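Please examine the model shown below alongside its sequence. The paragraphs that follow lead through selected features in turn.

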Amino acid sequence: MAVNQIPVTVKGAELLKEELQRLRAVDRPNIIQAIAEARAQGDLSENAEYESAKERQSFIEGRIAELEAKLSNLQIIDPTMLNAEGRVVFGATVRFEDLDSGDAKTYQIVGEDEADIKNGKISVSSPIARGLIGKSEGEVVEIQSPGGVKEYEIIEVLYV
């Protein structure tokens with residue numbers, strides 16, 4: 001992987017493209033309209049709506065530029081096409097058990113922009129993901145957590 005490439009799942013790439021499309025087709029025209037309406041109110045030096053609209057426009061343009069840069073550097077990885085022979089890799093879904101508590105967790109390892117712990121998606125750069133990558137079903141891994149070192153057994157690795 002090249003230094004500037006950003007790993008992302010197929011779904012993550014679709015979400016970034018959808019956000020960019022929405023910003024260009026909906027948000028940008030709406031903010032231009034809001035600026036025009038605020039400008040029509042007269043004195044811009046004390047016009048809070050105008051200032052607010054200009055700030056929002058700046059945010060939207062910045063986010064568009066950020067997304068365009070990211071999209072040009074994406075390395076899209078389709079977990080269903082991987083042949084990692086049971087090893088944990090980017091895009092894999094991993095079910096593992098805390099050996100102390102017996103709690104089982106299932107997470108998909110995804111890119112930074114896709115991470116959403118509530119929906120079972122952890123960033124590839126998170127301590128848990130870094131500890132799991134390269135390991136296989138049945139292996140026990142030690143992962144440093146805020147409460148100390150935890151041991152987990154990898155129960156299942158899926159490429160879905």
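**A guided reading of the predicted model**

Leaving aside neighbours within four places in sequence, Thr93 is in contact with Thr106, Tyr107, Gln108, Glu156, Val157, Leu158 and Val160. The coordinates that give these contacts belong to a predicted model. Thr93 is found in strand β3, which covers residues 93-98. With a relative accessible area of 12%, Thr93 falls under the 20% limit and therefore counts as buried.

Glu85 lies in the loop between β2 (74-77) and β3. At 68% relative accessibility, Glu85 is exposed, whereas Thr93 is buried. The backbone of Glu85 has a phi near 55°, a positive value in a residue other than glycine. Most residues other than glycine have a negative phi.

Attention now turns to the helices. Helix α1 spans residues 10-40 and helix α2 residues 48-72. The two pack at an angle of about 155°, with their axes 9 Å apart. Because angles over 145 degrees count as roughly antiparallel, α1 and α2 are placed in that class. The residues of the contact of α1 with α2 divide into 15 nonpolar, 12 charged and one polar. In this pairing, α1 passes α2 in a left-handed crossing.

Conventions:
Residues numbered from 1 in each chain as written. Predicted model: local features only at pLDDT ≥ 70, side-chain atom pairs only at ≥ 80, totals over all residues. Heavy atoms only, no water. Axes fitted to C-alpha atoms, helices over the stretch in contact; angles between N-to-C directions. Helix = DSSP H or I, 4+ residues; strand = E, 2+ residues; numbered from the N terminus. Parallel < 35°, antiparallel > 145°, perpendicular 65-115°, else oblique. Left-handed = near helix turned anticlockwise from the far one by under 90°. Nonpolar A, V, L, I, M, F, W, Y, C, P; charged D, E, K, R; others polar. Buried < 20%, exposed > 50% of the residue type's maximum accessible area, 1.4 Å probe, protein only. Contact = heavy atoms within 4.5 Å.
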